[in-house]
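Welcome to this guided tour! Open your viewer, get the selection tool ready, and follow along one stop at a time.

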Amino acid sequence: MVAGISAVTLLAAACGGGSSSSGTSSSAGGKAGGAVTVRGCNPQNPLIPSNTTETCGGNVLDAITAKLVHYNPETGAPENDIADKIDTTDNQNFTVTIKKGYKFQDGTEVKSKNFVDAWNYAAYGPNAQSSGYFMEPIEGFDAMQCAGTDATDPCKGFTPKAKTLTGLVAKDDYTFTIKTTEKVSNMAVRLGYSAFSPLPDSFFKDPKAYGEKPVGAGPFKLDSWTKNTEIKLSKFAGYSGKFGGKLDAITFKIYQDADAAYTDVQANNLDVTDEVPSSAMIDDKYKTDLPDRNAQKAVGVIQTITFAPVKVDPNYADPKIRQAISMAIDRPTIIKQIFNNTRQPATGWVSPVVDGYKANACGEYCTFDPAKAKAKLDEAGGFKGGKMTIAYNADASHKAWVEATCNSIKGALGVDCVATPVVDFSTFRGNIAAGKQKGMFRTGWQMDYPSIENFLAPIFKTGASSNDGKYSNPEFDKLLTEAAASTDAAQANAKYQEAEKLLANDMPAIPMWYSTATFGWSDKVTGVKITAFGTIDFSSLALK
């Protein structure tokens, strides 16, 4: 999944026993100290917060960084962390006051300039930060972007007009101001996303070294990163926040296969896996494999299939072809056979757990109808690309559902469809970022922050950081801008819903299903909680 998380109101979790499908955690308690191992995967990039937009790296950064805002693990609601207060009277001018004495893991104090410098670095075009887009609302962003003539590298031979955001000013060591170009009603809510992490002064001396061993201000620090093997964290003794935990150490064991991680959890060789393979979902097998060692929760995650940009693969350019493919997918049957009904068929691009969700934004195009699908394909003049392909990363449990999806498409449209594995997540995402991935490919979105906007703007707005299909629609962009400027939540949601409806006309990505996270754990740990984002809550995890 591409890293992300959004919505104003998320489903609250019940603190139950965890052995049934309605459980969301193991029992609390546990002793202080000790070390645990959790399933990890290969991060796409070095671990710089503003250049990490996927969950393999994001899960690690969540443990080692602290931001202005922390999201409540149960509900996703924002709570002040490094911020003492974030004030605004007009949703355009914000004054941020930070707490004194908050320390980075190199011993230096977190100050206003650490936020200002970090956000300026993220926003500056030549730095090519994948999360630089999140700084776009701040005044002066446009002047920091590249506009060269080289289509593949607009920064080549081009120097932006400015190196800093005019709307970002450090007033003193503990106060800075943010001015946005337009009103942004949910600006304060966004500030808990990793892209808004502060950076210590040492980062700017050697960004490359920082990426290999990042220095955050969170409850855990990174000790070592052995590529393709493990990432080791230990408790940061100088952590001064209120969102720490009981553990002394966490090791992310990197797996190339979800089944291997699951087998290790069964054998107590791995303490927590945040992915139960589809083979264990059939007939709720995981419940008998892991009695009293499993939990499930509806989370702010959606699975999609995205089409390669038109320049990369023109065979899918016609929206009618995309709509035909979507109508050819039998979501309910795939969910029943592969996921044992632990997913909900998607009827749009926004997760139901967020405030503003509206069912059926996709309309008939997300309803399985082989006859209509074939008619729509014929209307488009048929598929000229020979065979269709859906690529996926082979180091997670995607093979079964991608193959089932291809079979459904093939059966409805009469066009060959091939599930195409890519060795691991890092390689897979690298191919997409480099514009090398043709055809269709698996995508997903884990909300970054609790707002309906997060399921739309970062993925489908022109030039957005996670816009893998390079979708662009001026009317869609305009509606997002109008929604963000609204001071009334209901009016803002209505604008976002209008924007979402436009996606059905263009179908830049096919909504597949809304996710339910399923965890399994060893008999050595307790306090296993699934956050609203579908991640492990390290503040509650402990050894028995």
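Helices and strands are DSSP runs, numbered from the N terminus; a helix needs at least four residues and a strand at least two. Keep in mind, too, that this is a predicted model.

**Stop 1: a loop residue.** With those names in hand, select Met507, which sits in the loop between α16 (489–506) and β17 (509–521). Met507 has a positive phi of about 45°, although it is not a glycine. Is Met507 buried or exposed? Its relative accessibility is 0%, so Met507 counts as buried.

**Stop 2: another loop residue.** Now jump to Asn228, in the loop between β8 (220–226) and β9 (230–235). Asn228 is not a glycine either, yet it has a positive phi of about 65°. Because its relative accessibility is 46%, Asn228 counts as partly exposed.

**Stop 3: a pair of helices.** Select residues 319–327, which form helix α9, together with residues 370–379, which form helix α11. Their axes lie 8 Å apart and the packing angle is about 165°. Angles over 145 degrees count as roughly antiparallel, and α9 and α11 are therefore roughly antiparallel to each other. Their crossing is left-handed. To see who makes the contact, show the side chains of Lys320, Ile321, Gln323, Ala324 and Met327 on α9, and of Pro370, Lys372, Ala373, Lys376, Leu377 and Glu379 on α11.

**Stop 4: another pair.** Next, pick helix α10 (residues 331–339) and helix α12 (residues 399–413). Here the angle is about 150° and the axes are 10 Å apart, so α10 is roughly antiparallel to α12. The crossing of α10 with α12 is right-handed. Which residues of α10 and α12 make the contact? On α10 they are Ile334, Ile338 and Phe339, and on α12 they are Ala400, Trp401, Ala404 and Thr405. Coloured by class, this contact has six nonpolar residues, one polar and no charged.

**Stop 5: into the core.** Finally, select Trp119 and Ile325, the residues with the most contacts inside the largest nonpolar core, which has 117 residues. Zoom in on Ile325 and look beyond its neighbours within four places in sequence: Ile325 is in contact with Phe307, Tyr316, Met388, Ile409, Leu413, Met440 and Ile510. There is also a second, separate core of 30 residues; to find it, select Val38, Phe252, Phe519 and Phe538, which are among its members.

Definitions and conventions
Residues numbered from 1 in each chain as written. Predicted model: local features only at pLDDT ≥ 70, side-chain atom pairs only at ≥ 80, totals over all residues. Heavy atoms only, no water. Axes fitted to C-alpha atoms, helices over the stretch in contact; angles between N-to-C directions. Parallel < 35°, antiparallel > 145°, perpendicular 65-115°, else oblique. Left-handed = near helix turned anticlockwise from the far one by under 90°. Contact = heavy atoms within 4.5 Å. Core = buried A, V, L, I, M, F, W, Y, C linked by side-chain atoms within 4.5 Å. Buried < 20%, exposed > 50% of the residue type's maximum accessible area, 1.4 Å probe, protein only. Nonpolar A, V, L, I, M, F, W, Y, C, P; charged D, E, K, R; others polar.
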